[in-house]
Amino acid sequence: MSDLETRPREQVCRSKAGHGEQLLITARRVPLGKTTELARALPDRQIRMIGAWCFLDHYGPEELGTSPGMQVWAHPHTGLQTVSWLLEGEVEHRDSLGSQAMVRPDELNIMTAGHGIVHSEISQPDRPPRLHGVQLWVALPDGVRDVEPRFESYAELPDLALGTNGTAGIRGKLLLGELAGQRSPAITHSPLCGADLTLEPGSTGTVEVDPAYEYGTFVVAGSARVEDTDVAVDQLVYLGTGRSEIRLRSDQGGRMILLGGEPFGEDIVMWWNFIGRSHDEIVGYRTAWEHRDVRFSPVVSRDEKVMEAPPMPTVALKPRPPRRVGG
Ligand code: MN
């Protein structure tokens with residue numbers, strides 16, 4: 001995935017009920033290429049990050065028909081991990097390490113950009129008719145943000161079962177970290193977790209969570225009630241820290257991505273597809289991409305179709321804290 005957004009807009013409303021902080025955020029619509037749109041919940045103006053999670057895009061469900069589907073040509077990343085999770089369909093991932101993988105439902109694909117990587121995400125001509133998925137980015141802490149790039153796929157992920165006795169179920173997959181007594185095999189670089197939960201109609205349940213983590217739940221299908229907040233598709237409830245459990249229910253059924261993590265202790269600069277710590281560092285990444293510096297090897301060849309970086313803004317980029325002060 002690649003950030004094509006130039007003029008972010010957002011809708012935020014605040015809700016405080018009896019069980020701690022609950023901030024409802026509606027994802028904004030942003031273009032993906034010339035024909036497709038997606039919903040972006042993170043970064044939000046107020047909540048830029050949940051733990052090290054710094055980017056949340058939701059695309060589809062879309063009937064591809066004659067549409068080419070996802071056509072994200074070669075583009076670079078630094079200082080982050082991309083976490084690709086498909087709910088339906090198939091996308092081909094290729095990168096400058098020589099990785100070639102079909103991203104499919106129930107398989108977690110994590111690309112650690114670190115020092116620098118280039119990748120493409122393309123729907124193939126023989127792809128399934130529907131496309132639905134999320135892409136998340138995880139900011140790498142300072143000590144590891146310059147590591148060698150790598151790409152990993154995990155097909156075997158822990159199953160979660162969270163429904164309360166006597167009610168319809170809440171089931172899911174643990175993508176990263178630890179939750180409900182399970183532990184994901186995926187390698188992480190900061191304390192965080194991520195899960196995909198499906199709530200049957202009429203289900204209620206409680207997830208035990210770590211009070212040191214902040215959490216958010218983003219609905220990708222149906223609807224749900226998270227603590228005291230009703231959440232629809234493309235809405236995120238930010239839950240803050242200090243909880244030992246999160247209460248979930250769904251009358252009609254729903255599916256959500258749950259994200260958590262220790263609040264990220266560093267201010268970052270996130271611009272286009274790069275994460276750094278200063279304006280000058282971002283300029284350096286952009287110039288390196290423009291000049292096809294050795295930092296960014298081609299996926300296939302120097303003749304491949306690529307995405308060029310937008311011009312730098314006329315004002316200096318400033319490092320930003322994970323959460324807006326006073327926001
Ligand atoms: Mn990307």
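Two strands count as paired if DSSP finds at least two bridges between them. Strands themselves are DSSP runs of E with at least two residues, helices are runs of H or I with at least four, and both are numbered from the N terminus. By that rule, strand S10 (residues 108–112) and S13 pair in the antiparallel sense over five bridges. Leu-108 has Tyr-154 in S13 as its bridge partner.

This is a predicted model, in which local features need pLDDT of at least 70 and side-chain atom pairs count only at pLDDT 80 or more, while totals for chains, interfaces and linings use all residues. Residues are numbered from 1 along each chain as its sequence is written, and side-chain values use heavy atoms, with hydrogens and water left out.

**The seven-stranded sheet**

S10 and S13 belong to an open sheet of seven strands. The order is S3-S4-S5-S12-S7-S10-S13, with antiparallel pairing. Strand S3 (28–32) and S13 stand at the edges. Each has a single partner strand, so one side of each has no neighbour in the sheet. Neighbouring strands are turned by 25° against each other on average, direction ignored. Here axes are lines fitted to C-alpha atoms, for helices over the stretch in contact, and angles run from 0 to 180 degrees between N-to-C directions.

**Strand S15 and its partners**

Strand S15 (residues 170–176) is largely enclosed by the rest of the structure, because six of its seven residues are buried. Buried means under 20% relative accessible area, exposed means over 50%, and partly exposed lies in between (1.4 Å probe, protein chains only). Strand S14 (residues 159–161) pairs with S15 in the antiparallel sense over three bridges. In that pairing, Asp-159 stands opposite Lys-173 in S15. S15 is also joined to strand S18 (residues 192–199) by six bridges, and these two run antiparallel. Gly-172 stands opposite Leu-197 in S18.

**Helix H1**

H1 has 12 residues, which at 1.5 Å a residue should span 16 Å. The expected span is 1.5 Å times one less than the number of residues. The end C-alpha atoms of H1 are 16 Å apart, which agrees. Within H1, Ile-282, Tyr-285, Arg-286, Ala-288 and Trp-289 are buried. They cover an arc of only 160° around the axis, which puts them on the same side of H1. The arc is that of the directions from the helix axis to the C-beta atoms. An α-helix has 3.6 residues a turn, so residues three or four places apart point the same way.

**Salt bridges**

A search of the whole structure finds 22 salt bridges. Each is a side-chain nitrogen of Lys or Arg within 4 Å of a carboxyl oxygen of Asp or Glu.

Glu-63 is exposed at 52% relative accessibility. Arg-130 is partly exposed at 30%.

Glu-281 lies in helix H1 (residues 279–290) and Arg-145 in the loop between S12 and strand S13 (150–154), so the pair ties together parts that are 136 residues apart in sequence. Glu-281 is partly exposed, at 23%. Arg-145 counts as buried, at 13%.

Arg-247 lies in strand S23 (residues 245–250) and Asp-228 in the loop between strand S20 (214–226) and strand S21 (229–232), so parts 19 residues apart in sequence are tied together. Both are partly exposed: Arg-247 at 28%, Asp-228 at 25%. The two also belong to a network of salt bridges that links Glu-227, Asp-228, Arg-243 and Arg-247.

**Cysteines**

How many disulfides does a search of the whole structure find? The search finds zero. A disulfide is a pair of cysteine sulfur atoms within 2.5 Å. The sulfur of Cys-54 has its closest cysteine sulfur in Cys-193, 16 Å away, too far for a bond. Cys-54 is buried at 0% relative accessibility. Cys-193 is buried too, with a relative accessible area of 0%.
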